[in-house]
Amino acid sequence: MQIFVQGTSTHAVSVNSDTTVEEIKERICNIEQVAYEDLCFHYAGVPLEDDVMLNDALPNLATIVASGKLLGGKVHGSLARAGKVKGQTPKVAAMEDKKKKRTGRCKRRIQYNRRFSTAVSQFGRKK
């Protein structure tokens, strides 16, 4: 059986039916010059445990991704305070519906219709 290990470069590794993930990790550590504790193997997004037999867990010609462990850290901000501002803001009663003033093209159209279209021409000033 043959598998591919994708690290800084891709390696083709021949394995037997009784080979474990731990043995492959040791091979890749020697090739890639990486500490054993820092290396993690993933297949299809799932981490592989060291004691798993490759024959059971992987199909032939599978590609394992070898990556280094990521350092965890503190997340910026706290989820305990999420939504704090919305919770503190007092609820304001909804206002009654007022018709808003027309603006722009609509206002000019209404103004034109009022002055020229519907108005009857009269002599003198507008009262």
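Which residues touch the most other members of the largest nonpolar core? They are Ile 3, Val 5, Ile 24, Phe 41 and Leu 54, out of 16 residues in that core. The model described here is predicted.

**The core**

β1 (2–6), α1 (21–32), β3 (39–43) and β5 (63–68) each supply at least two of its residues. The largest share comes from α1, with 4 residues. In soluble globular proteins, nonpolar side chains tend to be buried together.

Val 5 shows how these parts meet. Leaving aside neighbours within four places in sequence, Val 5 is in contact with Ile 24, Ile 28, Phe 41, Ile 64 and Ala 66, among others. Its contacts also include Thr 10, His 11 and Val 13.

**His 11**

His 11 sits in strand β2 (residues 10–14). Is His 11 buried or exposed? His 11 counts as buried, because its relative accessibility is 15% and the cut-off for buried is under 20%. Its side chain makes a polar contact of 3.4 Å with the side chain of Ser 9. Not counting residues up to four places away in sequence, His 11 touches Ile 3, Phe 4, Val 5, Ile 28, Ile 31 and Glu 32.

**The salt bridge**

How many salt bridges does the structure hold? The count is 1. It joins the side chains of Asp 50 and Lys 25, with 3.0 Å from N to O. Asp 50 lies in the loop between β4 (46–47) and α2 (54–57), and Lys 25 lies in helix α1, so the pair ties together parts that are 25 residues apart in sequence. The two partners fall in separate accessibility classes: Asp 50 counts as partly exposed, whereas Lys 25 counts as buried.

The table lists accessibility for the residues discussed above.

| Residue | Relative accessibility | Class |
|---|---|---|
| His 11 | 15% | buried |
| Asp 50 | 26% | partly exposed |
| Lys 25 | 8% | buried |

**Strand pairing around β3**

β3 pairs with two strands named here. With β5, β3 runs antiparallel, and 4 bridges join them. Cys 40 stands opposite Ser 67 of β5. With β4, β3 also pairs in the antiparallel sense, over 2 bridges. Here His 42 has Pro 47 in β4 as its bridge partner.

What do β3 and β4 form? They form a hairpin, with 2 residues between the strands. Ala 44 lies in the turn and has a positive phi of about 55°.

How values were computed:
Residues numbered from 1 in each chain as written. Predicted model: local features only at pLDDT ≥ 70, side-chain atom pairs only at ≥ 80, totals over all residues. Heavy atoms only, no water. Core = buried A, V, L, I, M, F, W, Y, C linked by side-chain atoms within 4.5 Å. Buried < 20%, exposed > 50% of the residue type's maximum accessible area, 1.4 Å probe, protein only. Contact = heavy atoms within 4.5 Å. Polar contact = N/O pair within 3.5 Å; in protein donor to acceptor, adjacent residues only side chain to side chain. Salt bridge = Lys/Arg side-chain N within 4 Å of Asp/Glu carboxyl O. Pairing = 2+ DSSP bridges.
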